[in-house]
Amino acid sequence: MEFIDRLLTCADCGGEFIFTAGEQLFFFDKQFKNDPKRCKPCKSKRASAGMKAGAGPAAAGISRTETRTECSACGIETTVPFKPTQGRPVLCRQCFQAKRTPTTGALVTAAATADMVAAGSGGERNSVGAELLAAAHSSQA
Ligand SMILES: [Zn+2]
Ligand SMILES: [Zn+2]
């Protein structure tokens with residue numbers, strides 16, 4: 001299964017945004033059926049509004065818990081803002097960066113998972129996974 005970046009149109013602001021290969025892989029991995037409908041700014045706007053307003057059971061179901069797990073490559077303890085799937089490799093940032101060029105499906109999955117961690121560590125740690133979940137929930141509703 002191969003993913004390439006796609007250009008989608010935001011349902012909120014009408015602007016174009018990129019549905020990256022990594023995000024597509026994440027959606028595919030989670031068996032989300034629908035493409036994201038909104039660009040990142042609109043999504044986080046809705047996410048923060050939704051959290052405060054309590055946008056229903058979907059929003060309530062999103063936990064901000066960080067899960068402690070071990071890096072599949074080097075074994076150091078790392079935390080991820082989502083629940084890692086059992087038996088699926090999770091990489092710490094160092095190992096993820098060292099394995100930027102995945103060769104197998106398993107590694108692609110690991111890279112995408114680690115990508116979420118890496119992307120989330122820059123200040124919006126918790127929001128990345130939650131945003132994607134929120135998007136999936138709202139697009140399925
Ligand atoms: Zn938008
Ligand atoms: Zn590691």
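Which residue in β4 is the bridge partner of R68? The partner of R68 is T79, and I shall return to that pair in a moment.

First, the basis of the talk. This is a predicted model, in which local features need pLDDT of at least 70, side-chain atom pairs count only at pLDDT 80 or more, and totals for chains, interfaces and linings use all residues. Residues are numbered from 1 along each chain as its sequence is written, while chains are lettered from A and ligands numbered from 1 in the order in which they are written.

Let me begin with the overall layout. The protein chain has six helices and four strands; these are DSSP runs numbered from the N terminus, with helices being H or I of at least four residues and strands being E of at least two. Read from the N terminus, the order is β-β-α-α-α-β-β-α-α-α.

Turning to the strands, I call two of them paired if DSSP finds at least two bridges between them. Strands β1 (residues 6-9) and β2 (residues 16-19) are antiparallel and share four bridges. Within this pair, T9 lies opposite E16 of β2, and L8 lies opposite F17. Six residues separate the two strands of this hairpin, where G14 has a positive phi near 75°.

Next, burial. A residue is buried if 20 or more other C-beta atoms lie within 10 Å of its own, exposed if 12 or fewer, and partly exposed in between, with C-beta atoms placed from the backbone. By this criterion, 28% of the 141 residues of the protein chain are buried. In α1, the buried residues include E23, Q24, L25, F26 and F27. Just after α1, Q31 takes a positive phi of about 60°.

Now consider R38, in the loop between α1 (21-29) and α2 (40-53). Why does R38 count as buried? R38 counts as buried because it has 24 C-beta neighbours inside 10 Å. The C-alpha atom of R38 is 8.0 Å from that of F17, although the two residues are 21 apart along the chain.

Finally, contacts, meaning residue pairs whose C-beta atoms, placed from the backbone, lie within 7 Å. Among contacts between residues at least 6 apart in sequence, 46% join residues at least 24 apart.

Conventions
Contact = placed C-beta atoms within 7 Å.
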